[in-house]
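Subject: Structure handover

Hello,

Here is the structure for you to open. My notes follow below it.

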Amino acid sequence: MKTFEIQVKNALGIHARPAALIAQACTDMKSQVTLEANGNTAGGANVLQILKLGAVKGTTVKFTVEGPDEEEAVQKLKEVLSEIAPKEKQVSVLRVAFFGTKDYDRIFFSELSREKGEGTYNTDIRYFDSRLTPETAHLANGFDAVCIFVNDEAPREVIRTLHDGGVRLILLRCAGFNNVDLKAAKEYGITVLRVPAYSPYAVAEHAMALIQTANRRIHKAYFKVKDNNFALSGLLGLDLHNKVAGIIGTGRIGQCMAHICKGYGMTVLGWDAYPNKALEEEGLLTYVSKEELFRKADLISLHAPLIMGENGTYHLIDAKAIAMMKDSAMLVNTSRGGLIDTEALIEALKNGKFHAVGLDVYEGEDENVYTDRSDEPLRNDVTARLLSFPNLVLTSHQAFFTREALQAIAAVTMENARNFNEGFPYGDAEVKAKG
């Protein structure tokens with residue numbers, strides 16, 4: 001166990017921005033970090049607890065670090081604390097129109113945007129319940145930026161309206177950017193920043209939970225037991241141990257999924273347009289062609305971005321790809337719906353293909369995502385057809401939805417806003433049109 005103390009020098013104390021950066025650093029550590037001040041204790045990875053310490057200027061804060069990476073953790077924390085020391089820089093407040101607001105969005109974004117002044121995020125957020133669409137884009141008139149999510153729409157028509165209304169920045173509070181016309185944004189001089197990674201563990205863990213639910217028919221078992229039916233018919237699953245996992249897309253999320261599959265005792269194959277040879281060298285996976293992966297894998301997990309056009313990933317899983325797969329294969333998608341040709345998938349399921357399918361995303365989901373339609377009839381034909389298959393489990397774009405991920409999304413999005421407003425580098429948060 002290691003401890004060290006700091007005296008808060010910022011006039012605003014440990015306010016939203018330092019709290020967010022400390023929490024983000026602690027989330028990536030194996031060691032447990034606690035902060036103590038004013039007789040209160042906070043978990044280092046919990047931004048809301050850190051804010052509740054009430055550490056004003058002059059407060060002494062004690063950090064306790066305990067775990068396998070104590071030395072590295074202490075060094076990282078001291079670097080973070082150094083980076084957020086008060087600096088003499090006056091900036092204006094960035095006005096942000098926040099679309100598609102849910103209650104859980106406000107939990108973190110409202111706290112992080114509360115303060116104004118030196119060293120803060122200097123943002124003024126107005127929340128809109130409606131999604132960004134051609135019909136709602138005018139709501140952003142007079143704002144400097146819009147903050148949008150995966151189910152918002154930013155085609156050329158919307159980009160033009162945003163530009164005409166004074167918007168200079170699109171803040172994506174997600175990793176994907178396929179819903180933004182990047183070429184139009186470039187033409188109109190609008191910067192597009194995303195959250196390159198928030199919690200890859202959240203998505204990978206959900207992928208495994210989803211496919212295991214479908215594999216072991218847990219969704220059916222739950223309702224059978226509720227109906228006082230304890231028979232095992234219709235619940236037969238497959239061992240994952242000694243099976244072959246195929247990971248499509250080996251970025252941070254794909255790597256997490258590969259580690260999970262390794263933990264199950266699986267052999268892991270990978271495919272990526274840009275292979276990371278270091279993953280082969282460490283023995284995590286073996287890169288093969290898409291075709292070989294489709295033929296050999298018992299479990300195929302999709303973690304690639306959705307890229308349209310020639311040599312893109314749109315309908316990467318089509319009828320031809322499905323035909324290469326084992327009839328007993330398991331397929332899970334927690335990335336983007338467009339990676340799978342839904343009509344081809346449905347046709348294959350009708351013909352007895354696949355032991356199990358887990359989908360957190362699918363083509364045609366947009367009108368349903370994050371919307372409560374429990375009092376309405378099921379009008380979405382695609383959703384209804386998918387739900388008709390007993391070996392398929394569907395969730396509503398929730399793979400990212402953990403406290404750690406929401407906290408990271410808010411912190412990185414606000415950092416992106418600050419970097420834009422104060423002229424700092426964007427790093428890999430910026431996305432641009434190719435060419």
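Which helix does Gln212 lie in? Gln212 lies in helix H7, residues 200-215. Helices (H or I, at least four residues) and strands (E, at least two) are DSSP runs, numbered from the N terminus.

Some ground rules. This is a predicted model, in which local features need pLDDT of at least 70 and side-chain atom pairs pLDDT 80 or more, while totals for chains, interfaces and linings use all residues. Residues are numbered from 1 along each chain as its sequence is written, and side-chain values use heavy atoms, leaving out hydrogens and water.

Back to Gln212. Gln212 counts as buried because its relative accessibility is 16%. Buried means under 20% relative accessible area, exposed over 50%, partly exposed in between (1.4 Å probe, protein chains only). Leaving aside neighbours within four places in sequence, Gln212 is in contact (heavy atoms within 4.5 Å) with Arg217, Ile218, Leu240 and Tyr264.

Next, the aromatic rings. Rings of Phe, Tyr and Trp (its six-membered ring) pair if their centres lie within 6.5 Å; planes under 30 degrees apart are stacked, over 60 edge-to-face, the rest tilted. The count comes to nine aromatic pairs. Phe4 and Phe63 are stacked, at 4.9 Å centre to centre with 5° between the planes. This pair links distant parts of the chain: Phe4 is in strand S1 (residues 2-7) and Phe63 in strand S4 (residues 60-66), 59 residues apart. Both Phe4 and Phe63 are buried. Phe99 and Phe128 are also stacked, at 5.4 Å centre to centre and 25° between the planes. Phe99 is buried, and so is Phe128. Tyr104, Phe149, Phe400 and Phe401 form one aromatic cluster.

Last, the cavity. A cavity is a set of points on a 1 Å grid over the protein atoms alone where a 1.4 Å probe fits but cannot get out; lining residues have an atom within 4 Å of a point. Grid points are joined across faces, edges and corners, and volume is the space filled by probe spheres set on the points. The whole structure holds one cavity of 30 Å³ or more. The largest cavity has a volume of about 40 Å³. Helix H15 (403-422) is among the elements that supply at least two lining residues. H15 gives the largest share, three residues. Residues lining the largest cavity include Phe98, Cys147 and Met414.

Best wishes

Methods:
1 Å grid on protein atoms, 1.4 Å probe; cavity = no way out; pocket = protein on both sides within 12 Å on 5 of 7 lines; lining within 4 Å.
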